[in-house]
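Dear colleague,

Please find the structure below, followed by an account of what was found in it.

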Amino acid sequence: MHVAYREDRERKHRLKYGENCKSLYQNTGKKRGGLWWTYILTLVFKIGVDATFVYLLYHIYEGYDFPTLIKCSQVPCPNTVDCFIARPTEKRIFTIFMVVTSLACILLSFFEILYLLGKRCREFFTSVHHSRNINTHAMSSGSKLMEMNTLKSADKRTPDTPAPSYSVAVS
């Protein structure tokens, strides 16, 4: 859904500013920033809804098994009456199927969150490690330091007027 939105937004941007304009996203299929957090929160919400369903179903029916016969003594029954549940086996099978499906969704969502967090941590640590290697390599060779120094000094403009002498600056 989000990828389709990004692709459509990118297409409209190109129509408006031409084909050679700067793109809005580096990769429309990548989940970054707010999209990534939205997706993680959606998965957490999904786990919460499924877990609540399994919990409530267990406590409402006191387990996942439906009895075939219930002794009823509530209104409107005048006496204790035998109430038979229609098709209890079918209800039991579908209830167990729903519970197993919900548990599978919880498990898959949990693994997806772990995968996304692991991928993000790996990307972070490889980028930090990569940037440290570049800086260390550049600083370890003297020629690189000299090149970096000349590049830095080449960027700075020298002033047109010379600096004042010490006696002029102090007084």
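Helix α2 is followed by Glu62, whose phi is positive, near 55°. Helices (H or I, at least four residues) and strands (E, at least two) are DSSP runs, numbered from the N terminus. Please note that this is a predicted model, in which local features need pLDDT of at least 70 and side-chain atom pairs count only at pLDDT 80 or more, while totals for chains, interfaces and linings use all residues. Residues are numbered from 1 along each chain as its sequence is written, and side-chain values use heavy atoms, with hydrogens and water left out.

Overall architecture

The protein contains 5 helices and 2 strands, and from the N terminus on its elements run α-α-β-β-α-α-α. Of its 171 residues, 16% are buried; buried means under 20% relative accessible area, exposed over 50%, and partly exposed in between (1.4 Å probe, protein chains only). Among contacts with a separation of 6 or more, 49% are between residues 24 or more positions apart, a contact being heavy atoms within 4.5 Å.

Helix α2 and the annotated regions

Helix α2 spans residues 34-60, 27 residues in total, and reaches 38 Å from its first C-alpha to its last. This is close to the 39 Å expected at 1.5 Å a residue, where the expected span is 1.5 Å times one less than the number of residues. The buried residues of α2 are Leu35, Trp36, Ile40, Leu43, Ile47, Asp50, Val54 and Leu57.

An unreviewed UniProt entry carries the annotation "transmembrane region" for residues 36-58 and 93-117; UniProt positions are given in the numbering used here, feature names are shortened, and annotations may be inferred rather than shown by experiment. In the model, residues 36-58 are 100% helix and 0% strand, with the end C-alpha atoms 33 Å apart. Residues 93-117 are likewise 100% helix and 0% strand, and there the end C-alpha atoms are 36 Å apart.

The nonpolar core

The largest nonpolar core consists of 7 residues, namely Trp36, Ile40, Leu43, Ile47, Ile106, Ile113 and Leu116. Helices α2 and α3 (88-140) each supply at least two residues of this core, and α2 gives the most, with 4 residues. A nonpolar core is a set of buried Ala, Val, Leu, Ile, Met, Phe, Trp, Tyr and Cys residues joined through side-chain atoms within 4.5 Å.

Leaving aside neighbours within four places in sequence, Leu116 is in contact with Trp36, Tyr39, Ile40 and Leu43. Ser109, found in helix α3, counts as buried because its relative accessibility is 2%. Not counting residues up to four places away in sequence, Ser109 touches Leu43, Lys46 and Ile47.

Aromatic residues

A search of the whole structure finds 3 aromatic pairs. Rings of Phe, Tyr and Trp (its six-membered ring) pair if their centres lie within 6.5 Å; planes under 30 degrees apart count as stacked, over 60 as edge-to-face and the rest as tilted. One of the pairs joins Trp36 and Trp37 edge-to-face, at 4.9 Å centre to centre and 85° between the planes. Trp36 is buried, with a relative accessible area of 5%, whereas Trp37, at 52%, counts as exposed. The pair of Phe124 and Phe125 is edge-to-face because the planes stand at 65°, with the ring centres 5.4 Å apart. Phe125 is exposed, at 54% relative accessibility.

Finally, Arg120 lies over the face of Trp36, at 4.3 Å from the ring centre. A charge sits over a ring if NZ of Lys or CZ of Arg is within 6 Å of the ring centre and within 35 degrees of the ring normal.

Yours sincerely
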